[in-house]
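Subject: A structure for you to look at

Hi,

Here is the structure I promised to hand over. Have a look at it first, and then read on for what turned up in it.

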Amino acid sequence: MLFDSPEFALFLALVLPTYFLLRHRAQNFFLLLASYFFYGFWDWRFLSLLLVSTVVDFVVARGIAAASGPRQRRSLLIVSVCTNLGILGFFKYFNFFVDSFREMVGIIGFQLETGLLEVVLPVGISFYTFQTMSYTIDVYRGTARPERSLLNFALYVAFFPQLVAGPIERATHLLPQIAAPRKPRWEMFSSGAWLILWGLYKKVFVADNLAKIVDPVYADPASASGFLILVATYAFAFQIYADFSGYTDIARGTAKLMGFDIMLNFKLPYFATDPSDFWKRWHISLSQWLRDYLYIPLGGNRLGEWLTCRNLMITMALGGLWHGAAWNFVLWGIYHGFLLVLFRKWGGWRRFAGSTALETRLLAIFVMFHLSCLGWVFFRIPEINHLIPMATAFVGNFSASATDLAILENALFYLALLIPIQILQYRRGNLLAVLELPVPIRALVFVLLYFSITLGGAFDGRAFIYFQF
Amino acid sequence: MEERLSISSSRLPIAAILALVFVLGMEGWILANRNLFLDDVFPVMVLKQDDLKSGNGEAEIVIMGDSRFFHMDPGNTAEAFGGGREVFNFSWPNFGVEAYLYALNAYTFYNPPPEIIIANFTPELVATPTEYLRINKHEIVRSRAYEVIPTIPHIATILETGNWGYLWKYTVSVAMPPSATYRRMINAAIPSVVSLRGLPPREGLLDRHVREYQRNGSFVLFDDITFDPESIRRFNEGLFVLDAYGDPEVLELFRRFLRKADSLGIVVVILNTPVPQELITYYTRIEGLPIFEEWVEVIRREHPNVLLVEPVLPIFRDDLMADFGHVNDSGDQAFEEGLSERLRPHLPEIEARIVEMKKRRSAP
């Protein structure tokens, strides 16, 4: 059930009024049932994984709180981590590791006849396993209290707006909202409605239309000119942003309609001035997760310069692998790790980018945007060997044909409203800046977004990119 | 960077209300003026629906089928059947096969059952992939049916057939705002409006179709085009490949319609429109004709309310055809002139069956 599907519209139209008719505890119970229905709509068999993850982490966290000694606490934590990583590893990475191992031994002359399993990747598995794991770790560290109510905890794991593609919530943020009665507030409702409209626009108008430009070029880069590859890469940068942040906006908007405040996941990432800034703006919930549960436990920046660099590279490589069981994602992660290390060493850049002069800032934004675009090439290529024809086209055949220029024009058309609104948000330092515009302009924006969706939206049931992670 | 909102809860959401009023106004305008954006056939379909609902379409003979029937003149058809009966041409493009039952139910929802339904049953039912023949499965087939079949009989037929998947698709389509439903045509019109040339001028064809339909109850779709034998090859490179699919589901959908017609005491006259020799040669080559002939036999044998007018597949010279399914102006003339002669040998049997059906209908 995609957020931009009629099924979800019907689902929400039934869930919202029912939700408001109920009292707090019944609301939670109803939301849990609705969330299980939402998840089961994809494939009901995978509900069992969700339930296993929920029950194990609930019991383990209670066990940790009641444990008498550190060894027992540690053992229980290992149970939780192994269960979650076991589920994730089997469903997401089993074939990848078997295949990679087979290829590796093939290089040194051994032929392994290991068969691959027909494993279907359960939607959202990377998100909810990370979310439940963070809860157990927080309880172990003493930064979160174990939840007493299985109902509340199950809802924390399965809450449908953010279940399948995040944001990866923290127990300390979401559980108190589940435990306390929600009071509907006008501000929540209006910002929620805006986020849904804005998210839908980003998904069906921007992302899905740009996908039509990106997909053919990346499927066969050998027959594209360097110019077209460049256009497709820019288009993909905006496609993935609009797709994922659009999903998050709809998720957060839906949650707001019910009185929940889900964490921000994007803060205008293409306005970042350096790699560290980029990761404070892009998929914030994942980068914070990686920071808190991987980078800092590895030693963070406390162990000297070289070990800090190592920790950054490990964290980003694993972060890349989190996105998908393929080497191009690992390469993308390593690339970003490398950028973080490089810019860390190059202290002058931060001073330069941090300057108050507009031109300097714009230059820094321009450079960082292009560095992230280069990263998206690794992310988007279906196979690593596609890099060769892309590089060849870049060097040997860059000239733009009339068709290529028409494609560029097309891409710019889809960005014609997104970019000015983002500039407005950036300049005002407010992601809800549109809601503060004068009434006629605000109304005009609403109308433009609505008709962009109905007249120009691509309603072809294209799944959100991050569902596969 | 943060999310800030300094909206007072006591203030009316004026911008949202303004936008909503404007959007609703525009949607209403698009719905009321959708003829401005539609192609050269849609407005005729809207007229046919109006005729159906208003009782203008009440007739003893109803023509049901796809665009190949557009040209069939009700006046001439009435005469060919011996006179004294009203004829309503209730055909629409991309009719497929599933739509027969929907058309029958829609017709009988607003009008008494006719004595005769004229239908076509051609080899393209064998040679077309099933999805292109089903309202449920193909967007073009579905979108055409939406324009013609009114909501209540539409839903009633869905419930009658237990086609739950289609019920959902239909609900979604009905719930879609007009700007989304007609967006292809609206988007085509936008450049003209933006360059201050106003809405695109309605094509001459559209006006001619509407005028002809209002005058005769029929119109010739492609009047001055002549069949090009290459068109089959071009067709096969386009929409889908004509092949000997022969899906039994297709036959069953047609038979479901025949059974329903039988239960309502209606005689179904299968009166196929002409085809060029090239198409018959093609069907022979893909071995589709034996399957089609087998299907014809099943219908002849098992449905006593059906009568097949000979020749089952009338062949016209290339210069009388616009393409491999539609006649041109000259073809229409030849068809209308030959209709009486073609029907004459069958008339006694048709009348006998009508009497038999009437008796059955009046029996307790």
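Let's begin with a sheet in chain B: an open one of 5 strands, in the order E2-E1-E3-E4-E6, with parallel pairing. Two strands count as paired if DSSP finds at least two bridges between them. The names come from DSSP runs numbered from the N terminus, with helices (H or I) of at least four residues and strands (E) of at least two. At the edges sit strand E2 (87–91) and strand E6 (306–308) of chain B, each of which pairs on one side only. From one strand to the next, the twist averages 20°, where axes are lines fitted to C-alpha atoms, for helices over the stretch in contact, and angles run from 0 to 180 degrees between N-to-C directions.

Before going further, please keep in mind that this is a predicted model, in which local features need pLDDT of at least 70 and side-chain atom pairs count only at pLDDT 80 or more, while totals for chains, interfaces and linings use all residues. Residues are numbered from 1 along each chain as its sequence is written, chains are lettered from A and ligands numbered from 1 in the order in which they are written, and side-chain values use heavy atoms, leaving out hydrogens and water.

Now back to the strands. Strand E1 (residues 61–65) of chain B pairs with E2(B) in the parallel sense over 5 bridges, and B:Gly65 stands opposite B:Ser91 in E2(B). Together, E1(B), helix H3 (residues 74–80) of chain B and E2(B) make a right-handed β-α-β unit. Right-handed here means that, with the strands pointing away from the viewer, the path from the first strand over the helix to the second runs clockwise. Elsewhere in the sheet, 4 bridges join strand E3 (residues 116–119) of chain B to strand E4 (residues 267–270) of chain B, and these two run parallel. There, B:Ile116 has B:Val267 in E4(B) as its bridge partner.

Is E2(B) buried or exposed? 5 of the 5 residues of E2(B) are buried, so the strand is largely enclosed by the rest of the structure. Buried means under 20% relative accessible area, exposed over 50%, and partly exposed in between (1.4 Å probe, protein chains only). In a regular strand the side chains alternate between the two faces of the sheet. In E2(B), both faces are covered: B:Val87, B:Asn89 and B:Ser91 are buried on one side, and B:Phe88 and B:Phe90 on the other.

Next, a few spots in the backbone. B:Glu310 and B:Pro311 are joined by a cis peptide bond, with omega about -15°. B:Pro311 is found in the loop between E6 and strand E7 (315–316) of chain B. In strand E7 you will also find B:Ile315, which is partly exposed, with a relative accessible area of 44%.

A:His283 has a positive phi, near 40°, although it is a residue other than glycine. A:His283 lies in the loop between helix H11 (275–279) and helix H12 (284–298) of chain A and is buried, with a relative accessible area of 0%. B:Glu287 has a positive phi too, near 60°. B:Glu287 is in the loop between helix H14 (277–285) and helix H15 (289–302) of chain B, and this residue is exposed, at 57% relative accessible area.

On a 1 Å grid over the protein atoms alone, a cavity is a set of points where a 1.4 Å probe fits but cannot get out, and a pocket is an open set with protein on both sides within 12 Å along at least five of seven lines; lining residues have an atom within 4 Å of a point. Grid points are joined across faces, edges and corners, and a volume is the space filled by probe spheres set on the points.

The second largest pocket has a volume of about 850 Å³. Of its 32 lining residues, A:Phe451, A:Ser452, A:Leu455, B:Asn187 and B:Ile190 are the closest to the centre. H10(B) gives the most to this lining, with 7 residues.

By the cavity rule, there are 5 cavities of 30 Å³ or more. The largest cavity has a volume of about 150 Å³, and H10(A) supplies the largest share of its lining, 5 residues.

Happy exploring!
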